[in-house]
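Q: I would like to learn how to read packing, helix geometry and backbone angles from a set of coordinates. Could we work through one case?

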Amino acid sequence: MSMQTLPRRLGAAVVTAVIVWFLSVRLSTFRDFQIAEVAVEVTAVAGLTVLTGLSGQISLGNGAFMAIGGYTTALLMLHLNWPYVAALVASAVVTAVAGGIVGVAAARLRGPYLAGATLMLGVALPALAAAYQGFLGGDQGLNVVFTAPAFLGATFPLTRWQAWVSTVVALVTLVLLANLCYSRIGRNWRAVRDDEVAAALDGVNVAVTRVLAFVVSAICAGLAGSLLAIVTSLVAPGAFTVTLSIALLTAAVIGGLGSLPGALWGSLLIVIVPTYVTDVATSHGLSSSVGSNIPIAAYGAVLILVMLAFPQGIQGGLHRLLTLFTGPDPGTRVPRDAPAPHVTPPADEAPASHHEKEGTL
Amino acid sequence: MVEFLQFTLSGVSFGMIYAAVALSLVLIWRGTRLLNYAQGGMAMITTYIAIEVIYHTGSYWAGFAVALVAGILLGAVCQLTIIRPTMNKPPLNGVIVTIGLLVLLEGLAGIFFGGQFRSFPTAFSVTGLRVGGTPLGVSRYDIFVAVAVLAATLALALAFRYTSAGLRMRAAAFNATIARLSGIRVARVLTVGWALAGLLGALAGVLVSPSTFLYPNSMDTIFVYGFTAAVIGGLDSPAGAVTGGLLLGLALSYAGGYLPSGASLVPVVALGILVLVLMARPDGLFSATKVRRV
């Protein structure tokens with residue numbers, strides 16, 4: 001199986017690269033920027049969908065890892081004049097360490113407690129940038145100087161180069177993740193997600209497996225943060241708010257939790273829907289306070305509707321559509337194992353431990 | 001010393017607000033095993049409704065009452081329309097629906113009320129009380145905030161303990177299947193839980209808005225700290241929610257007051273407290289001994 005799937009994944013990556021190349025050459029610079037945005041988003045979302053979908057750990061703070069990656073890149077390029085590739089690799093290493101630390105702390109936490117801790121991480125970390133103004137640039141952040149290489153010619157649009165770089169990083173990340181997910185490590189993640197005790201009895205080191213998932217997801221977020229730094233030429237706390245962390249989880253679930261193609265659909269949705277609605281609103285000449293808020297409201301409505309219409313996310317919905325035409329195919333990989341990361345166990349198996357506290361409220 | 005007293009009392013005042021938000025999250029968590037990320041957004045909307053009513057009638061108490069009723073209705077309507085269909089779906093779906101609801105409500109608030117900061121009136125004077133010339137660092141309004149949240153908490157506790165509706169709610173939270181077999185309409189009970197949570201959220205929104213101003217995102221920070229308070233206390237424990245809220249309110253007030261670059265480090269302090277508590281007790285301070293099924 002793996003003999004065929006590796007070429008298939010590489011093939012899919014190459015096809016996507018060609019499509020992106022074609023789009024970036026044909027479309028406007030703004031679309032180039034959007035391509036880069038989607039690539040940044042999908043890199044981070046893919047890591048999160050692996051963490052939450054496969055290893056069963058929720059994170060509402062992956063924006064913090066993006067911030068670490070972004071600031072690492074900015075500081076190295078600003079003070080040490082590192083070339084971008086070196087800064088990118090260094091960002092991955094630094095966020096891997098950070099992910100390891102958070103992962104160790106998180107290994108004992110479950111469900112909403114993990115959600116709360118990671119959410120607070122996502123809130124607290126950007127606040128450090130404001131507290132250490134001298135080093136991290138405060139609210140204004142740090143500027144990142146990134147230029148297209150000389151051999152492309154002086155007139156080559158920077159946004160196109162940014163789109164290419166981020167797409168390449170995103171695709172490499174996706175191919176590596178896909179291989180990881182169906183390796184022994186990926187199987188261990190699923191085993192731990194489904195039943196920790198059974199996994200431990202089978203010789204899986206539960207703690208190490210869970211921490212490793214955090215490291216992998218942090219590396220992806222770090223790469224995404226580093227890309228975001230060069231795409232926007234800036235790292236500032238405002239870019240890494242908790243809203244970003246929540247958007248990442250939203251994209252992962254909307255796309256289809258645990259599915260890498262789903263990460264792409266989710267990222268496309270959260271990047272494109274707001275811009276599309278803004279375009280429509282401005283073309284109808286709506287006042288700015290109304291016009292600027294309609295995309296927000298529409299985005300919220302789309303999230304609710306997609307979740308109600310496609311409980312398994314977009315990838316699950318697509319798969320159901322497909323089987324409608326072709327009949328069930330046992331060979332295809334379904335994101336049906338969109339898992340239960342202990343966030344909200346079903347209502348009836350819920351609180352088995354309420355006895356003593358019954359009277360408190 | 002006066003400074004310490006001031007920080008303490010202001011910490012208690014904010015702590016009561018966090019406690020109210022935490023309590024509303026606990027109410028929903030116990031019933032539906034879902035974290036309602038839209039709790040802050042719902043409170044923001046009801047506070048806007050209150051400000052409009054106050055503006056048109058000139059009466060604070062009319063706005064106050066309307067906000068609470070609106071909170072009850074909003075909670076029930078949201079549960080009936082968009083939360084109930086997610087109940088038998090993968091657990092994160094409900095989470096994303098509440099996040100979508102939050103974004104939708106903030107967008108709607110921006111469309112209908114505009115994005116500018118609006119000041120919210122208080123029921124009582126906000127000038128500090130004095131005892132024989134010594135300022136206490138606390139106003140009549142601060143006392144009102146604490147009393148209102150305490151009264152709501154107490155009323156809920158009594159209702160849960162001594163009324164048959166409260167008994168039904170406890171039964172449904174304890175074991176939905178058995179409750180259903182005993183003839184309790186669990187679905188309806190869950191709606192009531194959301195309505196009560198909406199009430200508490202609305203109360204928190206009205207009480208906190210004089211000190212934070214009102215704008216579409218104004219409840220985000222309050223929600224995050226309320227959530228943190230609930231996690232510190234343990235999501236299954238109402239007493240834990242109140243304790244967690246007070247603890248967090250006090251700690252953040254001292255941090256903001258005494259640390260050198262205090263204001264910007266407040267979230268970091270909150271993270272520190274949360275991590276410390278969760279390292280010692282992964283299910284919050286008031287968690288019961290856990291049974292892990294094999």
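Q: Leaving aside neighbours within four places in sequence, which residues is B:I17 in contact with?

A: A contact here is a pair of C-beta atoms within 7 Å. In this predicted model, B:I17 is in contact with B:V145, B:A204, B:L207, B:V208 and B:I222, once neighbours within four places in sequence are set aside. B:I17 also belongs to the largest nonpolar core, which has 216 residues. The residues with the most contacts inside that core are B:I17, B:A19, B:A20 and B:L203.

Q: At what angle do the axes of helix 5 and helix 8 of chain B cross?

A: The angle is taken between N-to-C directions, and a value over 145 degrees counts as roughly antiparallel. Helix 5 (residues 140-162) and helix 8 (residues 186-212) of chain B cross at roughly 175°, and their axes come within 10 Å. Helix 5 of chain B is therefore roughly antiparallel to helix 8 of chain B.

Q: Which residues of helix 5 and helix 8 of chain B meet?

A: On the helix 5 side they are B:V145, B:A148, B:V149, B:A152 and B:L156; on the helix 8 side, B:L196, B:L200, B:L203 and B:L207. By class, the residues of this contact are nine nonpolar, no polar and no charged.

Q: How many helices and strands does chain A have?

A: Chain A has 14 helices and two strands. Of its 361 residues, 51% count as buried. Sequence separation is another thing to read: among contacts in chain A with a separation of 6 or more, 78% join residues 24 or more positions apart.

Q: What span should helix 4 of chain A have at 1.5 Å a residue?

A: The expected span is 1.5 Å times one less than the number of residues. Helix 4 (residues 84-106) of chain A has 23 residues and should therefore span 33 Å; its end C-alpha atoms lie 32 Å apart, in agreement. Helix 3 of chain A, with 18 residues, reaches 26 Å from first C-alpha to last, close to the 26 Å expected.

Q: Why is helix 3 of chain A described as largely enclosed by the rest of the structure?

A: The description follows from a count: 16 of its 18 residues are buried, so helix 3 of chain A is largely enclosed. One residue in helix 3 of chain A is A:L76, which is buried with 20 other C-beta atoms within 10 Å. A:L76 touches A:W82, A:A87 and A:A90, not counting residues up to four places away in sequence. A:L76 and A:V144 are 68 residues apart in sequence, with 9.9 Å between their C-alpha atoms.

Q: What is the phi of A:N81?

A: Most residues other than glycine have a negative phi. A:N81 has a phi near 55°, a positive value in a residue other than glycine. A:N81 sits in the loop between helix 3 and helix 4 of chain A, just after helix 3. With 9 C-beta neighbours inside 10 Å, A:N81 counts as exposed.

A:S233 also has a positive phi, about 55°, although it is not a glycine. It is found in the loop between helix 10 and strand 2 (234-235) of chain A. With 14 C-beta neighbours inside 10 Å, A:S233 counts as partly exposed.

Methods. Residues are numbered from 1 along each chain as its sequence is written. Chains are lettered from A and ligands numbered from 1 in the order in which they are written. This is a predicted model: local features need pLDDT of at least 70, side-chain atom pairs count only at pLDDT 80 or more; totals for chains, interfaces and linings use all residues. A nonpolar core is a set of buried Ala, Val, Leu, Ile, Met, Phe, Trp, Tyr and Cys residues joined through C-beta atoms within 7 Å. A residue is buried if 20 or more other C-beta atoms lie within 10 Å of its own, exposed if 12 or fewer, and partly exposed in between; C-beta atoms are placed from the backbone. Two residues are in contact if their C-beta atoms, placed from the backbone, lie within 7 Å. Helices (H or I, at least four residues) and strands (E, at least two) are DSSP runs, numbered from the N terminus. Axes are lines fitted to C-alpha atoms, for helices over the stretch in contact, and angles run from 0 to 180 degrees between N-to-C directions. Angles under 35 degrees count as roughly parallel, over 145 as roughly antiparallel, 65 to 115 as roughly perpendicular and the rest as oblique. Ala, Val, Leu, Ile, Met, Phe, Trp, Tyr, Cys and Pro count as nonpolar, Asp, Glu, Lys and Arg as charged, and the others, Gly among them, as polar.
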